[in-house]
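Here is a short report on a protein model with two chains under discussion. Look at the sequence and the structure, then read on.

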Amino acid sequence: MNQNRNINEKLISKVSEIFGQVSLVVGYCRGNSPLKVSPCLIDEKKDISNLIFNKLCINNLATYAYKLSKKVEGNIGMVLKPCDSKAIIQLCAEGLIEREKFRMITVGCSGIIDYKKILKEIGRQRIISLDIGKDNIEVETIDGKKSLSTKNFYAEKCYWCDISDNPLESDVFIENDDKLEVEKKDKYADIKDLENLSIEEIYSYWQEELGRCIRCYACRNVCPMEVCQDQCIVHLDYPNWESQMATAEENKFFQMIRVMHLAGRCVECGECERVCPQNISIFKLMKKMNQVIDELFGFSAGIDISQKTPLLTYKTIEENIEEEKLT
Amino acid sequence: MEKENKVKEMEKEEDVKIIAFLCNWCSYAGADAAGTARLRQPENIRIIRVPCSGRINPLFILKAFSSGADGVLVSGCHPNDCHYTDGNFYARRRLEALKEYLPFIGIDKRRFSYQWVSASEGQKWQSVVVNFVKRIKSIGKNEPK
């Protein structure tokens, strides 16, 4: 926990330093459970001491970027993990927000703990205290204490992360003495498993998964790249893209709208899957589209601020596209 | 003569539904030319005319599949011949990405195809349609199992 205090102090002092240049800081503060942190907006100097940063800061605060950029006059400071900064880069690359308006306060990341995994392990019990160490997580619930191995409880995206220590773009970088030490996993392992099945099996897999969807639209609302929420075609009466029925087929089509909208734009923060109340593995759908875009056009979103999304541009001769002849 | 026999054979088989999106300037005129030249084509194709292949949102195709189409065919001007200069280049990227994606949601990749047919290629249009219908028939209907 010493490490944590250290990084918190660094964060607070850096934010106080730049507070004159920004009128609002978006960061993390203590949540209502030991398991969670809560996003907070800070517009007064006295509140800066509430800021924290630890291994539970899983939320992607870049989600607020687009909406705040329309509402707030003056600059906005944002506490970001290196992976979250990809979302800001992509938004800037598409011209949806202005780079000058944002002060990116990037904190070096030592891996993020997925609280959903802990809840799965201990069941839905009231948690009294939680201490995350380098090797073990000590959880105290009303039933007693339990010790969990830290390395199994990182968020999925941490297992293939290679930018934890190296923000692609930042104004203020706060180095973390803790480093991310995890066994690397293949990003597309779960996709490959699914693709080994036959077409019919894949179809029924999604039918079952998306049949559980209650269409709360949380996945859409949390996405940092889906800036179109207020004009979403799902809510149109004419043309009627989608009925209000929550059948598997309709839910699948809703996810397809998201996939096609995020083609070549998804920054793989995994927020859609985290907020899903039904635990549907929607992130697979997004990852697959990214894999396709990467194979066809060699592009990953959120890396380069000057690069254009591949579907918004073209080449007269495409090297990787083999057109099918039907004659 | 051979082609005509093929067509007759197909008509006996099960009725599959195919939605075709054709661009106004090349492929729609091409299909029209095929009709004027009285080239026989299978009747499984329902044509939707769009201003340009660049107008085709990949969601059109997915919507067609989710509403029960057995196959979707997209056809536009040849690359470099687009009436709007570059519409079909954008379309090519989108449609290729969609095509690679389809198997992942449980739709056979062969049910979807995009082709370039110009206004004078009535013959080509006929063979595209014949081959595509044949292919869809060999896969069968797109029914949930």
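K81(A) touches Y28(A), F53(A), C57(A), I58(A), N59(A), T106(A), V107(A), C109(A), I112(A) and K157(A), leaving out residues up to four places away in sequence. Contact here means heavy atoms within 4.5 Å. The model is predicted: local features need pLDDT of at least 70, side-chain atom pairs count only at pLDDT 80 or more, and totals for chains, interfaces and linings use all residues. Residues are numbered from 1 along each chain as its sequence is written, chains are lettered from A and ligands numbered from 1 in the order in which they are written, and side-chain values use heavy atoms, with hydrogens and water left out.

## Around K81(A)

K81(A) sits in the loop between β3 (75–80) and α3 (82–93) of chain A. Helices (H or I, at least four residues) and strands (E, at least two) are DSSP runs, numbered from the N terminus. Is K81(A) buried or exposed? K81(A) counts as buried, because its relative accessibility is 0%. Buried means under 20% relative accessible area, exposed over 50%, and partly exposed in between (1.4 Å probe, protein chains only).

Two backbone oxygens lie by the K81(A) side chain. The one of C57(A) is 2.9 Å from a polar atom of that side chain. The one of N59(A) is 3.2 Å from a polar atom of the side chain of K81(A). K81(A) also forms a salt bridge with D84(A), with 3.1 Å between the closest N and O atoms. A salt bridge is a side-chain nitrogen of Lys or Arg within 4 Å of a carboxyl oxygen of Asp or Glu. D84(A) is buried too, at 0% relative accessible area.

C57(A) is itself buried, with 0% relative accessibility.

## Salt bridges

Side chains of opposite charge can pair when their charged atoms come close. Over all chains, the count comes to 25 salt bridges. Here are some of them.

| Pair | Closest N to O distance |
|---|---|
| K81(A) and D84(A) | 3.1 Å |
| K187(A) and E268(A) | 2.7 Å |

R99(A) lies in the loop between α3 and β4 (102–107) of chain A, and D171(A) in the loop between β7 (144–149) and β8 (172–174) of chain A, so the pair ties together parts that are 72 residues apart in sequence. R99(A) is buried at 17% relative accessible area, while D171(A) is partly exposed at 39%.

Now take E268(A) and K187(A), another salt bridge. This pair links distant parts of the chain, 81 residues apart. E268(A) is in the loop between α8 (248–262) and α9 (271–275) of chain A, and K187(A) in the loop between β8 and α5 (189–195) of chain A. E268(A) is buried at 10% relative accessible area. K187(A) is partly exposed at 21%.

## Chain B

Chain B holds 5 helices and 4 strands. Along the sequence they follow the pattern α-β-α-β-α-β-α-β-α. Of its 145 residues, 54% are buried.

How many disulfides does a search of the whole structure find? The search finds 1 over all chains. C26(B) and C77(B) form a disulfide, with sulfur atoms 2.4 Å apart. A disulfide is a pair of cysteine sulfur atoms within 2.5 Å. C26(B) lies in the loop between β1 (18–23) and α2 (27–36) of chain B, and C77(B) in the loop between β3 (71–76) and α4 (87–101) of chain B, so the pair ties together parts that are 51 residues apart in sequence. Both cysteines, C26(B) and C77(B), are buried.

## Where the chains meet

In chain B, 40 residues are in contact with 43 residues of chain A. The area buried between the two chains is about 3,600 Å², and carbon and sulfur atoms give 67% of that. Buried area is the accessible area (1.4 Å probe) that two parts lose on being put together, summed over both. On the chain B side, R93(B), Y101(B) and F104(B) lose the most area to chain A, together 25% of what that side buries. Between chain B and chain A there are 4 salt bridges.

Key
Polar contact = N/O pair within 3.5 Å; in protein donor to acceptor, adjacent residues only side chain to side chain.
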